[in-house]
Amino acid sequence: MRVITYGTFDLFHEGHVRLLERAKALGDHLIVAVTTENFDDARGKLNVRQSLMERIRNVERSGLADEVIIEEYEGQKVTDIQKYDVDIFAIGSDWLGRFDYLSDYCEVVYLERTKGVSSTQLRDETGILKLGVVGSGRIAHRLVAEARFVSGVSVEGVYSTTPSNARRFADTHELRVVGHSLPHLLEEVDAVYVAAPHGTHAAIATEAMEAGKHVLCEKPLTLTRKEADELYAVAAEHRVVLLEAIKTAFSPGFQRMVAVARSGSIGQVRSVDGTFTKLGETGREIQAPDGGSISELASYPLLAVVKLLGTGHIDQRTTSVWPDDSEVDTFSRIDLTYPHAVASARVGLGVKAEGDLVVAGTKGYIYVPAPWWKTEYFEARFEDQRDNKKYYYKFDGDGLRYEIAEFASLIRNETPESFKLRAAESAAIAGIIEEARRNAVVLR
Ligand code: C2G
């Protein structure tokens, strides 16, 4: 029986070894295909640290491969299986179901993956970041799914105030640790991702940082400016990374849009208008005390505002629509005045509008079509249309992989702050959100 398996095999660890052992045991000839940088880039895998040559060498050194080949393009698996006369395609169970299409060509086997990369010796040698998840809701699920596209990050465990939810979550994602308490989870990991209800972020993040753990915290970081400032102070004191998970901030397209706008190509920025609306929300998003259009969604347009105009606004006015039968505001407009510019953030839960972003300047404007917060494409437009320019970028999957990659590389490089979202910018956003929720003119 001829067996084939594929992978990046970056920072070669015991999970890889066991996978290769299991694959080899399925037959008598094992072919291991190692991905090229190019192919990893095309399939949205981030932060691969070792070169193709190093990764191949590690696979060879394991002594488990009878043959090593290179995977360099989409669709290659179909060709390889036929070309190498393969009987069994084997891959880790984190890909369950994803390669069923190959069963037209050979047997497809999903092998149990190794839960976590548990030896600390390994961590020190290879620099794999062990991550724990606090919370077990929809966004937490998405984060784990996206983390497999970030090399050097291993999601090890979960903690939830509802133990049965945590257990189910750990089963779904094959996690090693179900924390029976937050301190228990913290003992097992280097860093946590906080996806618990907004009102609990500050307490959880503080406890984690005081235990010396890095924190990636869902937006909104906090609902008050004071708590946000305190959290960044705790991070500085304990020399850990605290990053607010506003995914847009870390995506390649959005960063480039900000850079183009701030490079002066559209002149001086005079206004920023961003909209983000959603239909069909249920659960905490539309429940008191922490739900509502502002707390759920304003982080995104406010991110664009502070990145483009800074944190020095001189006036803020908010208008919220808050229907009598709703526990929360369902549509809000936050207007900000800067010394030489204005900004408007529009957000809605249960109201649908065009979700675009327009940055107006003295020489031209930037237009980012909906969904601008998953920036894949934008245009710089001018009076003379011949000067218009289109910019295209990648935004893979849900985009959470970009924030995970940034978080991991800040930790690895011992950089306390990301220029893509500075502490001062994140705290300013918390302040604007707090003010908007407190002092909105409310329409019923
Ligand atoms: N693996 C594992 N246990 C781990 C980590 C990884 O069993 N703790 C397995 C994966 O399931 C995969 C192999 O090791 O089968 C290689 O993993 P990666 O290097 O992360 O490569 P991957 O991104 O899974 O590549 O074409 C490439 C393939 O689609 C998969």
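Predicted model: local features only at pLDDT ≥ 70, side-chain atom pairs only at ≥ 80, totals over all residues.
Reader: How far is an oxygen atom of the ligand from an N or O atom in the side chain of Lys 77?

Author: Residues are numbered from 1 along each chain as its sequence is written, and side-chain values use heavy atoms, leaving out hydrogens and water. A polar contact is a pair of N or O atoms within 3.5 Å; within protein, one must be able to donate a hydrogen and the other to accept it, and residues adjacent in sequence count only if both atoms are side-chain atoms. For Lys 77 and the ligand oxygen, the distance is 2.9 Å.

Reader: Which residue has a polar backbone atom 3.0 Å from a nitrogen atom of the ligand?

Author: Glu 71 uses a polar side-chain atom, 2.4 Å from an oxygen atom of the ligand. The ligand nitrogen, in contrast, faces a backbone atom, 3.0 Å away, and that atom belongs to Thr 114.

Reader: How much of the ligand's accessible area does the protein cover?

Author: On its own, the ligand has 620 Å² of accessible area (Shrake-Rupley method, 1.4 Å probe; for residues, only the protein chains shown count as cover).

Reader: Which element gives the largest share of the shell around the ligand?

Author: The ligand is surrounded by 21 residues (a heavy atom within 4 Å). Elements giving two or more residues to this shell are β1 (2-7), α1 (14-25) and β4 (88-92); helices (H or I, at least four residues) and strands (E, at least two) are DSSP runs, numbered from the N terminus. The largest share, 3 residues, comes from α1.

Reader: Is Glu 146 buried or exposed?

Author: Glu 146 sits in helix α6 (residues 138-147), and a polar atom of its side chain lies 3.0 Å from the backbone nitrogen of Asp 398. Buried means under 20% relative accessible area, exposed over 50%, and partly exposed in between (1.4 Å probe, protein chains only). Because its relative accessibility is 5%, Glu 146 counts as buried.

Reader: What is the phi of Asp 85?

Author: Most residues other than glycine have a negative phi. Asp 85 lies in the loop between α4 (76-83) and β4, and is exposed, with a relative accessible area of 55%. Its phi is positive, near 55°.
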